[in-house]
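Here's a quick briefing for anyone opening this structure for the first time. Have a look at the picture, then read on.

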Amino acid sequence: ITMSLQVILPVIKETVFDWRAGWRMILALLLVEAGLLLFIIHHVSYTEIDWKAYMDEVEGAINGTYDYVQLKGDTGPLVAESNLHITERMFTNRIVIQQPPYLLAIISLTAFRIHSIFVLRLFNDPVAMLIFYTACVFFTLHRWTIGCMFFSFAVAIKMNVLLFAPGLLVLLVLHRGVFGAVVRIILCGIIQLVLAAPFLFTNPIGYVTRAFDLGRQFMYKWTVNWRLVPESIFLDRRFHIALLLLHLTLLFALVWKWTRNIDKAKLGKYKLDPASILFVLFSSNLMGIVTARSLHYQFYVWYYHSIAWILWISRLPTGIRILLLIGIEIAWNTYPSTPESSIVLHICHVFLVWAVFSTKLPVVLKDKET
């Protein structure tokens, strides 16, 4: 028994703490997740929230109604861009680069709300994020064209993916220069036009105004992050403008942090390491999350899988990291939300923003010619 423990314990330690043995943790978690998802599917009741509305809208398109203004469901008119409503129950891939494998276990096994959203609610948010994370894989391999194609497909499913766009623009300019960035932006636009073609040919104005209605009001009863303010303030346009200005300020500060040492003459010749690429993308998205006019429960998937990653590359002590994960999870699992749960969420978000601005990433911007 002693000899067996001497063999097994080092293997367990390596599996839990050494990122180079991360494949063992991934395999174990796949098996655990498979069993857990089967249990949830068979023993936890499905909750209908928006699925019937989705199917009403899809049925209209199948029956030949391509005027976006005429597409409606139980919850009102269709307001999302043309997308692929996929009913498969799927769980997103996790991207963790040179981080301890136990972080994967934390991400997988502590996600009560995330399991609910992925398996029981049938929202399109998880599908969009799955495709975006696929784009991330190509970005970390410096396959920018195919990565941008997947990025555009993700945007076609859920427009929240555009929160990653500022970071992606910086990465494209650094790696491919201004011209290369413009070419790939045009490619993304072409994909959007192709996917939306039936609706654009029928009623282009109706499609653009309805699908990209950035000014639509959210319902106060569903907000997770702003229950601490009265509904009158929550619906006030001045409040929305203030949040937008804060969002832009944080983005400009981030871009300055990322590019202050850049030689403009070498744009298109830099090559960031994979961790820096993910950091830029996840940080860009986080700035949009923390300044959002409202966060609904399904929006948790927009940044859940990047929270632990951002914390573990930060300078925060491990104890604080764990407390922040617990605080965020509690806030997102409090239903209905309360002023206290919203305050907890904002406090955790402030720590996350501090973690982003205090980290040393991107570590080194390497000139591809050197």
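Tucked away in helix α11 are Phe239, His240, Leu243, His247, Leu250, Leu251, Leu254, Lys257 and Trp258, all buried (under 20% relative accessible area with a 1.4 Å probe, protein chains only). An α-helix has 3.6 residues a turn, so residues three or four places apart point the same way. Bear in mind that this is a predicted model, where local features need pLDDT of at least 70 and side-chain atom pairs count only at 80 or more, while totals for chains, interfaces and linings use all residues. Residues are numbered from 1 along each chain as its sequence is written, and side-chain values use heavy atoms, leaving out hydrogens and water.

**More on α11**
- Cover for its buried residues includes α8 (165-202), α10 (231-234), α12 and α15 (339-358).
- Asp236 caps the N-terminal end of α11, with a side-chain oxygen 2.8 Å from the backbone nitrogen of Arg238.

**Confidence**
- Mean pLDDT (the predictor's confidence in each residue, from 0 to 100) is 83 for the protein, and 81% of its residues reach 70 or more.
- Over residues 79-97, pLDDT stays under 50.
- Where pLDDT is low, the predicted coordinates should not be read in detail.

Key
Contact = heavy atoms within 4.5 Å. Buried < 20%, exposed > 50% of the residue type's maximum accessible area, 1.4 Å probe, protein only. Helix = DSSP H or I, 4+ residues; strand = E, 2+ residues; numbered from the N terminus. Polar contact = N/O pair within 3.5 Å; in protein donor to acceptor, adjacent residues only side chain to side chain.
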